[in-house]
Amino acid sequence: AYLEGNSAAVYRETLGSFLYANAMRHAAVMIGNSSSGIIEAALFDCPVLDIGSRQEGREHALNVQHVPNSSGEIVRALQAGFHRVKVQPVYGDGRASERIACMLLSPPHHDDLLQKKFSLEPVLFNAPWGP
């Protein structure tokens, strides 16, 4: 019904990574309870209204505001408004794959990395695995 009354609205089953990143880059706010709001949104300085307890306890950047799963609390948060603020993502800067590829293409030339070292000394385990 919403799509029928709004010619600018489009339904997509999935956006794919390119369109999703661009949607996040242009979004005024991300609303929901997705881990993407906790992890990726900070890379785009996108404000997040995280609803409910699904992401409770997860480390997050300052762009995330948590609200209970209550229509009154959600409406209050939306009425307060959102703005983009440059934040430091807590899960890295999104360039880990580049760094890993560089390391794999130019590994350190240390002979001690090539020879596996074994130890036959007994190992003591702590509870619950030990005696």
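Residues are numbered from 1 along each chain as its sequence is written, and side-chain values use heavy atoms, with hydrogens and water left out. Since the model is predicted, local features need pLDDT of at least 70 and side-chain atom pairs count only at pLDDT 80 or more, while totals for chains, interfaces and linings use all residues.

**Confidence**

On pLDDT (the predictor's confidence in each residue, from 0 to 100), the chain averages 88, and 92% of the residues score at least 70. Strand 2 (residues 48–51) comes out highest, at a mean of 97, and helix 6 (residues 111–114) lowest, at 70. Helices and strands here are DSSP runs numbered from the N terminus (H or I, at least four residues, for helices; E, at least two, for strands). Where pLDDT is low, the predicted coordinates should not be read in detail.

**Cores**

A nonpolar core is a set of buried Ala, Val, Leu, Ile, Met, Phe, Trp, Tyr and Cys residues joined through side-chain atoms within 4.5 Å. Buried means under 20% relative accessible area, exposed over 50%, and partly exposed in between, with a 1.4 Å probe and protein chains only. The largest core has 7 residues: Met24, Met30, Ile38, Ala41, Cys46, Val48 and Val64. A second, separate core of 5 residues includes Ile51, Val67, Ile74 and Ala77.

Back in the largest core, Cys46 is in contact (heavy atoms within 4.5 Å) with Met24, Ala27, Val29, Met30, Ala41, Asn63 and Arg84, leaving aside neighbours within four places in sequence.

| Residue | Relative accessibility | Class |
|---|---|---|
| Pro89 | 16% | buried |
| Tyr20 | 32% | partly exposed |
| Leu3 | 41% | partly exposed |

Pro89 sits in the loop between helix 4 (71–80) and helix 5 (96–105). Beyond its neighbours within four places in sequence, Pro89 touches Ala42 and Leu43. Its C-alpha atom is 5.7 Å from that of Ala61, 28 residues away along the chain.

Tyr20 belongs to helix 2 (residues 16–26). Together with Leu15, Phe18 and Leu19, Tyr20 makes a nonpolar surface patch of about 380 Å².

Leu3 is part of helix 1 (residues 2–5). With neighbours within four places in sequence set aside, Leu3 has contacts to Ala9, Val10 and Tyr11.

How values were computed:
Patches are made of residues with over 30% relative accessible area and no salt bridge: like charges are joined within 9 Å, nonpolar side chains (Val, Leu, Ile, Met, Phe, Trp, Tyr) within 5 Å. Accessible areas come from the Shrake-Rupley method with a 1.4 Å probe; for residues, only the protein chains shown count as cover. A salt bridge is a side-chain nitrogen of Lys or Arg within 4 Å of a carboxyl oxygen of Asp or Glu.
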